[in-house]
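Dear colleague,

Please find the structure below, handed over for your use. A summary of the findings follows it.

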Amino acid sequence: MKKIYLTLTGLLVLSAGLFWLINKMTVRPGLISGNGNVAILFMMPLPLLFILAFVLWYFIFKKIHLRLPLAGGTLLGLAVVIAAGIYYQQLALERYRTHLFHVNKELHGREDWDYIRSITASLASPHVNSQYFNGLTYLLFVAATIFAGLLTYAIWGRQKNMRIR
């Protein structure tokens, strides 16, 4: 069990480091990135780290034999937290777009919402790294790994235990 905890801790620390590094690679408002979004290279391991973390959470829940009512309540709480976090991130992105709009208007003397939307519409844009890879989104990443592990345990692990008994 100690190995699982150490591995999970290592994965989460590595993920936090990647989130921080990607966040630091955000292009400042008013500037352009001639090389595109180099941070995409650091985004690539995150899906694998997510899968590994959720599998480790599953084994942790399996080892501690979490009761189904507690698992259900925790799943509901995590779902609410994740939904609220996504909603807040959308509001933050709109505030950031407004900020970029004002900076762009100040620098170039024109209003161009089409340009602002084009540079903030994709995860591949270096202008939104700080919006999608910050402390809150890291916590949402961790919450989603717990949710996935717990949901897998609640559905699959509990069914296997019921068949055995």
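**Aromatic contacts and overall form**

F19 counts as buried, at 6% relative accessibility (buried is under 20% relative accessible area, exposed over 50%, partly exposed in between, with a 1.4 Å probe and protein chains only). The model is predicted: local features need pLDDT of at least 70, side-chain atom pairs count only at pLDDT 80 or more, and totals for chains, interfaces and linings use all residues. Residues are numbered from 1 along each chain as its sequence is written, and side-chain values use heavy atoms, with hydrogens and water left out.

The whole structure contains ten aromatic pairs (Phe, Tyr and Trp rings, the last by its six-membered ring, with centres within 6.5 Å; planes under 30 degrees apart are stacked, over 60 edge-to-face, the rest tilted). The rings of F19 and F141 form a tilted pair, with centres 5.4 Å apart and planes at 55 degrees. This pair joins helix 1 (residues 2-24) to helix 7 (residues 135-164), 122 residues apart. F141 is likewise buried, at 11%.

F141 also pairs edge-to-face with F50, at 5.7 Å centre to centre and 70 degrees between the planes. Because F50 lies in helix 3 (residues 45-64) and F141 in helix 7, the pair ties together parts 91 residues apart in sequence. F50 is partly exposed, with a relative accessible area of 24%. Ring pairs link F19, F50, F54, F133, Y138 and F141 into a cluster.

As to overall form, the protein has seven helices and zero strands (DSSP runs, H or I of at least four residues for helices and E of at least two for strands, numbered from the N terminus). Its C-alpha trace spans about 70 × 30 × 20 Å along the principal axes.

With kind regards
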